[in-house]
Amino acid sequence: MSNMTKRIAIHKPDILEVIQQHIELKQNGVRYWGLCLFHSEKTPSMMVDAQKQTFICFGCGAGGDVVTFIQKLHGVDFRGALKLLGISGQPYRPNPELQKQKELIKDYRQRLRAYEDKLCEYLRTGNDCKRLVRTEEDLDAIAPFFHQEAHIEYLLDCLQFGTEEERFEIYMQGGLIE
Ligand SMILES: [Zn+2]
């Protein structure tokens, strides 16, 4: 790695402490959720990862590290953010992850939509089969659907009307993350 691309380590303040000065965060495991400051919303879409020291908003796509957060919050450039954070100005490569994060969010939303479609399709098919039940054998064949129907309706309800946090949980539990 050349000197040009080598990332120069600077001591950054804890992202959780900094963001908590501006919004209320609710802990859920290693993640923290709060209302995004960069777009208007009623349910929390902003997630702070204390381990990775990053934040990301699943609503508007804002994301980055603690420096990015301060840059966006105060509308200052990189140096300005370092100053506000009390970090002495050092050459530093701005977060190259931003584009990647945007793509990840796009992917996240697509996967959730695909999952929702799949669940809808399953419900539709199951309901169609229900109407065709004539014999006990038919009933046996459709038994697995009866067992899952309520749960699928619950998942769909969360996906369509739930909070971003609930959607994210389904995303994690649904095996949608490889
Ligand atoms: Zn946002």
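Mentor: Start with handedness. A crossing is left-handed if the near helix is turned anticlockwise from the far one by less than a right angle, and right-handed if clockwise. Helices are DSSP runs of H or I with at least four residues, strands are runs of E with at least two, and both are numbered from the N terminus. This is a predicted model: local features need pLDDT of at least 70, side-chain atom pairs count only at pLDDT 80 or more, and totals for chains, interfaces and linings use all residues. Residues are numbered from 1 along each chain as its sequence is written.

Trainee: Which hand does the crossing of α4 and α5 have?

Mentor: The crossing of α4 and α5 is left-handed. The axes of α4 (residues 98-132) and α5 (residues 136-161) come within 9 Å and cross at roughly 145 degrees. Axes are lines fitted to C-alpha atoms, for helices over the stretch in contact, and angles run from 0 to 180 degrees between N-to-C directions.

Trainee: What makes M47 a contact of F55?

Mentor: Two residues are in contact if their C-beta atoms, placed from the backbone, lie within 7 Å. Leaving aside neighbours within four places in sequence, M47 meets that rule with residues including R31, W33 and F55.

Trainee: How many residues does the largest nonpolar core have?

Mentor: That core has 20 residues. Such a core is a set of buried Ala, Val, Leu, Ile, Met, Phe, Trp, Tyr and Cys residues joined through C-beta atoms within 7 Å. Buried means 20 or more other C-beta atoms within 10 Å of a residue's own, C-beta atoms being placed from the backbone. M46, M47, V48 and F55 have the most contacts inside the core. Its largest share, four residues, comes from α2.

Trainee: How much of the chain is buried?

Mentor: Buried residues make up 15% of the 178 residues.

Methods: Buried ≥ 20, exposed ≤ 12 C-beta atoms within 10 Å, placed from the backbone.
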